[in-house]
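Visitor: I would like to go through a structure and ask what lies behind the words used for it.
Guide: Here it is.

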Amino acid sequence: MRTAMPNRLTPYMFMVPAVVIMAIALMYPLGYMIWGSFRDWNPSQTIGEAEFVGLKNYITLWNDPNFHESLGVTLRFAFFVVSIEMVIGVGLALLLDRDIRGISVLRTMFILPMMIAPVVVGLMWRYMYHPTVGTFNRFLESVGLPRVDWLGDHALMSVIIADIWQWTPFIFILALAALQSLPRSALEAARIDGATAWQQIVHIKLPLMMPVLIVTALLRLIDAFKVLEVILVMTEGGPGLSTEILALRISRTATEFRELGVAAAMSNYLLMLLLALTVAMFVFNRWQEARAARLTAAVQEEI
């Protein structure tokens, strides 16, 4: 017993330095942000010199219609990009999960947009949306249709399309990995029972993939709430507040308006929203994992 306890603790002791470093790197900035959100703080002051105002920054934001507008834009942007990217990414994974000639080249081509820097993506799509020389308006003119003010009348839709183009490959890669890791015995049993390709997708593949897909959707959802460079380059949050998501408003509040306390409070609101979504999706993921385990056990028992 004297040797058993040290042996059990040894792996955890090796983890202690990394855990301590990660805790400091994570908790210090987080605590600094939370403490700063309770102060009337601007860049000319240290946080200790700023006046303590309690919940004033949070109350001000709660009653600010512009903050509510940016929050609404953020929620709409995140919902549409994640939903459409999941549908397209999973669909592409199901389509390309087969042995056909040149499939490796197609898979490589699909992931290229994800490798491009966000600023470059923003510039590229901004030029394509240009009202006079842009690719889309030139195409519309070539078929006899009028020009469209993409970044004016349809600004939010335009940035959503750009984000979908760049980040659908992320969904595709993880969905394809999940698809290729499915137990072949379950798929073979379904084929033997006479299940069609569509029935295999609905009743076997998607239920078994669901735990991975939920985590994938959560990662993209968190990232969608933090998109900044593409929108900043394409529209700068305009026209008006139509594309000003919370990440952009936080940046402007801190740099242009010089209200660090308000920006910190806004960041905390965003953090609480993301924590709530994360907890909800993890609870749902646990349920889906249990369901997938029951399905796999049922198939193994049938075999």
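Guide: What follows is a set of questions and answers on a predicted model.

Visitor: What makes Ala78 count as buried?
Guide: Buried is the word for a relative accessible area under 20%. Ala78 has 1% relative accessibility, so Ala78 counts as buried. The residue is in helix α3, and beyond its sequence neighbours up to four places away Ala78 touches Leu221, Ala224 and Phe225.

Visitor: Which residues have the most contacts inside the largest nonpolar core?
Guide: They are Phe77, Met234 and Ile245, in a core of 68 residues. Helix α3, residues 65-96, gives the largest share of this core, with twelve residues. As for Phe77, leaving out residues up to four places away in sequence, the residues it touches include Leu156, Ile160, Val227 and Ile245.

Visitor: Which residues make the contact of α3 with α10?
Guide: On the α3 side they include Phe77, Ala78, Val81 and Glu85, and on the α10 side Ile201, Lys205, Leu213 and Arg220 are among them. By class, this contact has 13 nonpolar, one polar and three charged residues.

Visitor: Is Leu140 buried or exposed, and how do you know?
Guide: The relative accessible area of Leu140 is 13%. The cut-off for buried is under 20%, so Leu140 is buried. Leu140 sits in helix α6, residues 135-142. Aside from neighbours within four places in sequence, Leu140 is in contact with Leu145, Pro146, Val148 and Trp150.

Visitor: And what about Asn285, buried or exposed?
Guide: With a relative accessible area of 5%, Asn285 is also under the 20% limit and is therefore buried. Asn285 belongs to helix α13, residues 260-302. Not counting residues up to four places away in sequence, Asn285 touches Met210, Pro211, Ile214 and Val215.

Visitor: Why is Glu236 called partly exposed?
Guide: Partly exposed covers the values between the buried limit of 20% and the exposed limit of 50%. Glu236 has a relative accessible area of 48%, so the term applies. Glu236 is in the loop between α11 and α12.

Visitor: What is the phi of Glu236 near?
Guide: Phi of Glu236 is near 55°, a positive value in a residue other than glycine. Most residues other than glycine have a negative phi.

Visitor: Where is Arg258 found?
Guide: Arg258 is in the loop between α12 and α13. Although not a glycine, Arg258 has a positive phi of about 60°.

Visitor: What is the peptide bond from Gly238 to Pro239, cis or trans?
Guide: That bond is cis, with omega near -5°. Most peptide bonds are trans. Pro239 lies in the loop between α11, residues 229-234, and α12, residues 246-255.

Note on methods:
Residues are numbered from 1 along each chain as its sequence is written. This is a predicted model: local features need pLDDT of at least 70, side-chain atom pairs count only at pLDDT 80 or more; totals for chains, interfaces and linings use all residues. Side-chain values use heavy atoms; hydrogens and water are left out. A nonpolar core is a set of buried Ala, Val, Leu, Ile, Met, Phe, Trp, Tyr and Cys residues joined through side-chain atoms within 4.5 Å. Buried means under 20% relative accessible area, exposed over 50%, partly exposed in between (1.4 Å probe, protein chains only). Helices (H or I, at least four residues) and strands (E, at least two) are DSSP runs, numbered from the N terminus. Contact means heavy atoms within 4.5 Å. Ala, Val, Leu, Ile, Met, Phe, Trp, Tyr, Cys and Pro count as nonpolar, Asp, Glu, Lys and Arg as charged, and the others, Gly among them, as polar.
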